[in-house]
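Entries follow in the order of looking.

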Amino acid sequence: LEVGGGGEGGGGPAGVLAALRAVRQGPQAAAGAVHPLRRDARRLPPRVPPQPPGAVKAVGAASPELHAVVRAPAPGSEHLVVMALHALLDGAATPAPPELAAAAQELFEAKGEARVMLPLIPSLPKEEVRSLLPALCALPPQPFKAALARAAGGKAPPLQPAELLVALHTLGDGTPLKQVIAACNACFAARDIYTPEAVGSALQQLAALDPLPITFMRTMIQATSAAPKLKGFVVELLGGLVARQVWRMDPKLWDGFLRCAMATMPAAATVLLQLPAAQLEDALGRHQDLRAKLTAAADQTPGLREQA
C-alpha cells in the first residue's frame, strides 16, 4: 500500500478524509470516493477499498473526523477502520489519544468486533486489557497471537506475561473452556514471551488461588513439557497441594494432580508417598504402572525405600 499525492482529488490526508467521509455513508459511497484505495478481494466486500497506511498517518490519530468514523462506520466498513487503526498505531512511539481509544471502545461495544481493539492494546491500562480477554479469546488463532504480543510482549506491555496467563485461568464461566485452553496453548507457543521464569511465576500465583482454577493442573503438565527445567518446581507445588488435600477439591483437579505426578516421576514419588493410604490406593488403582514406578524410584533414592 502506498502514500498517494496531496489534494482533495488525489491521495494524502485530504483524499483519505474524503474516503473516510464516504465510508461513513456506506460501502457503495466509499467505492466512489475521490481517493480510491487499493482493494484486497480476500478480505473486503466488493467495491470497498482499504486505507493507504502512509496517508492515514498523515491524517493523524488526533483527527476528530477520524474519531467520528471509528466511532460509527457504516455497516460492512468496520474492517477498513481496523486497517486504519493498525496503520496509525502499530509501532507508534506514543500511546493512542484517549479520544481515539474511546471511539474504538464504542465501536467494539456496539459491534462486538474485538479486532478493532488490537492496535490499541499497548495504550490501554491493564484493567481494560483484562476486561477485553473474553472477547480476545474468541478470536481466531492468528489475531489472538497478535493480541498476546501486544498485551504481554515488548518492553513495557500492559500486562506482564505471568499476569496474563493467570488472568486467562480466572476468566470464569462466561468464557468457554475450549477458548481458555486454546489461549493458554498460544501462550506456551510464544517462547519469546513465556520464558521458564514467566511460566514459573504464573504457576506460583495460580497455586496460591483458592479455589484452584479448573485448568491449573493442565497448565502444570504443559509446563513440564514446555520447560523441563521447571519439573522440580512443579513437584514442589504438588507437595503443597497434598497439604491442601487436593483430593477433596474438584475431581478434575485430583485427576490432573495424579497425571502431573506421573509426568514428573521419579521426582514426584516423595510427594505421592505423602498421600493418605486411601488416596494412594486410589492413585494406584487409576494408574496401573504407578506401583512399578514408585518401586523403581525407591530403589534409586536413599531413604525412600522404607517409606515406600
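How many cavities of 30 Å³ or more does a search of the whole structure find? I found one. The model is a predicted one, in which local features need pLDDT of at least 70, side-chain atom pairs count only at pLDDT 80 or more, and totals for chains, interfaces and linings use all residues. Residues are numbered from 1 along each chain as its sequence is written, and side-chain values use heavy atoms, with hydrogens and water left out.

**Cavity.** I noted the terms before the values. On a 1 Å grid over the protein atoms alone, a cavity is a set of points where a 1.4 Å probe fits but cannot get out, and lining residues have an atom within 4 Å of a point. Grid points are joined across faces, edges and corners, and a volume is the space filled by probe spheres set on the points. The largest cavity holds about 30 Å³. I listed its lining as Leu133, Leu136, Phe144, Ala147, Leu148, Ala151 and Leu164. By class that makes seven nonpolar, no polar and no charged residues (Ala, Val, Leu, Ile, Met, Phe, Trp, Tyr, Cys and Pro count as nonpolar, Asp, Glu, Lys and Arg as charged, the others, Gly among them, as polar). Helix 7 (126-137) and helix 8 (141-152) each supply at least two lining residues, and helix 8 gives the most, with four.

**Pocket.** I then turned to open space, where a pocket is an open set with protein on both sides within 12 Å along at least five of seven lines. The largest pocket has a volume of about 310 Å³. Its lining has 17 residues, and Ala92, Thr94, Pro122, Ser123 and Ala156 lie nearest the centre. I sorted this lining into ten nonpolar, five polar and two charged residues.

**Fold and burial.** I counted 18 helices and zero strands (DSSP runs numbered from the N terminus: helices are H or I, at least four residues, and strands are E, at least two). Of the 308 residues, 49% are buried (under 20% relative accessible area, with exposed over 50% and partly exposed in between; 1.4 Å probe, protein chains only).

**Helix 9.** In helix 9 (residues 161-169), nine of nine residues are buried. Glu163 and His169 are among them. I traced the packing of the buried residues to helix 7, helix 8, helix 10 (177-189), helix 11 and helix 12.

**Core.** A nonpolar core is a set of buried Ala, Val, Leu, Ile, Met, Phe, Trp, Tyr and Cys residues joined through side-chain atoms within 4.5 Å. The largest has 94 residues, and Leu136, Tyr194, Leu238 and Phe257 touch the most other members. I followed Phe257 beyond its neighbours within four places in sequence: its contacts (heavy atoms within 4.5 Å) are Met217, Leu238, Leu241, Val242, Val246, Val271, Leu272 and Leu275.

**Backbone.** Most residues other than glycine have a negative phi, and most peptide bonds are trans. I looked for exceptions. Asp210 and Pro211 are joined by a cis peptide bond, omega about 5°, and Pro211 lies in the loop between helix 11 (196-207) and helix 12 (216-226). The bond from Met265 to Pro266 is also cis, with omega near 5°; I placed Pro266 in the loop between helix 14 (251-263) and helix 15 (269-272). Gln245 has a positive phi, near 60°, and lies in the loop between helix 13 (231-243) and helix 14. I logged Gln245 as partly exposed, at 33% relative accessible area.
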